[in-house]
Structures are given as structure tokens and as C-alpha cells.
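Please look over the model below before reading on.

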Amino acid sequence: PQGIAEIERWTAVLAASERPGLAKIKQELGQLSELLADAKTPAHDIAEILASLGAETAKVADEAGGDYSAPLTNLSKLLIKAGNTLSR
């Protein structure tokens, strides 16, 4: 439940943003929320979404610059690492 609430919060934040390149992230957050809501979702499915979110976040980090680049790059690495851990 806490993860879904956090996803909903980020979805709202991203919806309010007019930055280009966020559509894929918004879409995948919605998919992740749906997967997490179903207790029978295979971990591998969640892992794929996390890895993809990590890759998309890395793209945004490259474009962001300034104070946002480093935290987004770190988030990207953490999402990919979580995806790798779940896929094992």
C-alpha cells in the first residue's frame, strides 16, 4: 500500500510537469501501480517495469542538468538494481 501511495504521488507530480520526455515514465508508473495492486503478479513482471523505469529515468537525468541530474542518475541506478534483484 505504501508503494502504491508513493507511485500515485509521483504520478500527480509528473502530471503537473510540462517537461518533455516524461510520458513513458508516467505510463510505466501506472503499469507498476497495477502490477503491485495484484498480489499474484510475478516478481519478474515488476522487475521488467523497474528496469525500464530506471532506463527512462537515466534519459531524463541526462537531459535535466543542474541540481537534478545527480539525484535522478542515482534513482535510475536504484531502480535498475531493484529490478535486477527481483528478477533473480
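1. Helix 2 (residues 23–37) and helix 3 (residues 43–64) have axes that come within 10 Å and cross at roughly 160°. Axes are lines fitted to C-alpha atoms, for helices over the stretch in contact, and angles run from 0 to 180 degrees between N-to-C directions. Helix 2 is therefore roughly antiparallel to helix 3 (angles over 145 degrees count as such; under 35 is roughly parallel, 65 to 115 roughly perpendicular, the rest oblique).

2. The crossing of helix 2 past helix 3 is left-handed, meaning that the near helix is turned anticlockwise from the far one by less than a right angle. On the helix 2 side, the contact is made by Lys24, Ile25, Glu28, Leu29, Gln31, Leu32, Leu35 and Leu36. Helix 3 supplies Asp45, Ile46, Ile49, Leu50, Ser52, Leu53, Glu56, Thr57 and Val60. Contact means heavy atoms within 4.5 Å. By class, the residues of this contact are 10 nonpolar, 3 polar and 4 charged (nonpolar: Ala, Val, Leu, Ile, Met, Phe, Trp, Tyr, Cys and Pro; charged: Asp, Glu, Lys and Arg; polar: the others, Gly among them).

3. On provenance: this is a predicted model, where local features need pLDDT of at least 70, side-chain atom pairs count only at pLDDT 80 or more, and totals for chains, interfaces and linings use all residues. Residues are numbered from 1 along each chain as its sequence is written, and side-chain values use heavy atoms, with hydrogens and water left out.

4. The chain has 4 helices and 0 strands. Helices (H or I, at least four residues) and strands (E, at least two) are DSSP runs, numbered from the N terminus.

5. Ser52 lies in helix 3. Ser52 counts as partly exposed because its relative accessibility is 22%. Buried means under 20% relative accessible area, exposed over 50%, partly exposed in between (1.4 Å probe, protein chains only). Beyond neighbours within four places in sequence, Ser52 contacts Lys24 and Glu28.

6. Ser76 belongs to helix 4 (residues 69–87). Ser76 is buried, at 4% relative accessible area. Residues up to four places away in sequence aside, Ser76 touches Gly54, Ala55, Thr57 and Ala58.
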